[in-house]
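Please read the following alongside the sequence and the model. The text goes through a few loop residues in turn.

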Amino acid sequence: LSFIGSYVLGMGFTMEPAEAAALIEKDPRNKDVLFPYLNGQDLNSRSDSSASRWVINFHDWSEDRAKTYPDCYDQVRRLVKPERDKNNRKVYRDYWWQYAEKRPAMIEALTGLERVIVITRVSKTVMPVMVPTGQVISERVVVFASEDPAMLAFLSSSQHFLWTFSKSSTLKTDVNYAPSDVFETLPLPELTQEMRELGDRLDTYRRDVMLSRQAGLTATYN
C-alpha cells in the first residue's frame, strides 16, 4: 500500500506550467508525456497542495519512442543527458531519458484511482492529504495507494503520529518518514464507516480552511 514516489534524477525534466501549456498547445500529443510534478515542498506549502512545476515523463519507453515527441526529447537530451553521463550507475547513464526510479509497482497500485493519499517524507506535521492522480509524485513524498477517506482518517490519527515518531529518524526537528519502518510495521485497524465519514469531514473542512487563508499544511498546523 505504501510507496516512495518517483526518483526523477534531473531537474532538466521539469518546467514551468506555462511552458508545458505552450508545448501542449503546439502539439496536443505532448499531453502523453507532460504532467504536474508534485514535490514535498509544494504539498506542505501550497494552499491547494498542488504542483508548482510540470515534468516530462517518458515512462519506460524506448529512446526511439521518446524521440517521437521531439520538443520534450530535445529538452531532456540537452538538460538531463549531460548530468546522467557523469553518473556512477550504468543504468542511469544508459537510460538517461527515463526516470532513475520509475516505481512500476506504485503505478500499478494506483491504476483506477482518481485520488490518492500522500504525505511529505520530511515534515514537522506528518499529516496526509488527498491529491488527484494523473501527476508525477516525487521521491520526497510517500504515496498510499488508497482513496478511502477512512484510511485518511487513520493516517491523520494520534496513533499513527506517535507510531511514526517512535519508528522514524529525524532531520533537525523534522520527521523522516520511511514507509518500510513506519507504515509496513503498523498494525492496521478495521476501516469503519465512522472513520470514512470523519475522513471526509476532515478533508473537506481542512481544504476550505487552507484555501480561505491561502495557507499550506505547515502554516495551517502551526
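Gln-214 is exposed because its relative accessible area is 59%; exposed means over 50%, buried under 20% and partly exposed in between, with a 1.4 Å probe and protein chains only. This is a predicted model, in which local features need pLDDT of at least 70, side-chain atom pairs count only at pLDDT 80 or more, and totals for chains, interfaces and linings use all residues. Residues are numbered from 1 along each chain as its sequence is written, and side-chain values use heavy atoms, with hydrogens and water left out.

Gln-214 sits in the loop between α10 (193–213) and α11 (217–221). Helices (H or I, at least four residues) and strands (E, at least two) are DSSP runs, numbered from the N terminus. Although Gln-214 is not a glycine, its phi is positive, at about 50 degrees. Most residues other than glycine have a negative phi.

Val-126 also has a positive phi, near 50 degrees, and is a residue other than glycine. The loop that holds Val-126 runs between β6 (122–123) and β7 (129–132). Val-126 counts as buried because its relative accessibility is 4%.

Ser-156 belongs to the loop between α8 (149–155) and α9 (158–167). With 17% relative accessibility, Ser-156 therefore counts as buried. Which residues does Ser-156 touch, not counting residues up to four places away in sequence? They are Met-127, Pro-128 and Leu-202, where contact means heavy atoms within 4.5 Å.
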